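Here are my notes on the model you sent. Please read them with the structure open.

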Amino acid sequence: QVQLVESGGGLVQPGGSLKLSCVASGMFFSMAGMGWHRQAPGKQRELVADISPEGSQTYAASVKGRFTISRDNAKNTVYLQMNSLKPDDTAVYYCTNNIGYWGQGTQVTVSS
């Protein structure tokens, strides 16, 4: 079965950086679009970034220029590099694929 396992979340000060990783299994990773969504307390889930099998990327306006999504097909892994973090980035971050699977989520907290 398809599994998406995230790691790399944590507590960081405003202006800091974190890198999230998601290892996929049970799917043809190199042929799949992958993405990162997030959900903050009391807010709807939103798409943060996604990447096509060919490597084309799209970003939410709120993170463009600060976050970078990438993938390593040899490792079945998608990454989210997050720089210049703000308190508004605090959320549970979920790894997703283009056939509707979600990981369990990893908490990112930006606070001084």
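1. Along the sequence, the pattern is β-β-β-β-β-β-β-β-β-β. That gives 10 strands and zero helices (DSSP runs, numbered from the N terminus: strands are E, at least two residues; helices are H or I, at least four).

2. The model is predicted: local features need pLDDT of at least 70, side-chain atom pairs count only at pLDDT 80 or more, and totals for chains, interfaces and linings use all residues. Residues are numbered from 1 along each chain as its sequence is written, and side-chain values use heavy atoms, leaving out hydrogens and water.

3. Of the 112 residues, 43% are buried (under 20% relative accessible area; exposed is over 50%, partly exposed in between; 1.4 Å probe, protein chains only).

4. Three salt bridges turn up in the whole structure (a side-chain nitrogen of Lys or Arg within 4 Å of a carboxyl oxygen of Asp or Glu). One pairs Glu-46 with Arg-38, at 2.6 Å between the closest N and O atoms. Glu-46 counts as partly exposed because its relative accessibility is 32%. Arg-38, at 6%, counts as buried.

5. Arg-38 also bridges to Asp-89, at 2.9 Å from N to O. Arg-38 lies in strand β4 (residues 34–39), and Asp-89 in the loop between β8 (77–82) and β9 (91–97), 51 residues apart. Asp-89 is buried, at 2% relative accessible area.

6. Which residue forms a salt bridge with Asp-89 at 2.8 Å? Arg-66 does. Arg-66 sits in the loop between β6 (57–59) and β7 (67–72), 23 residues from Asp-89. Shared partners join Arg-38, Glu-46, Arg-66 and Asp-89 into one network.
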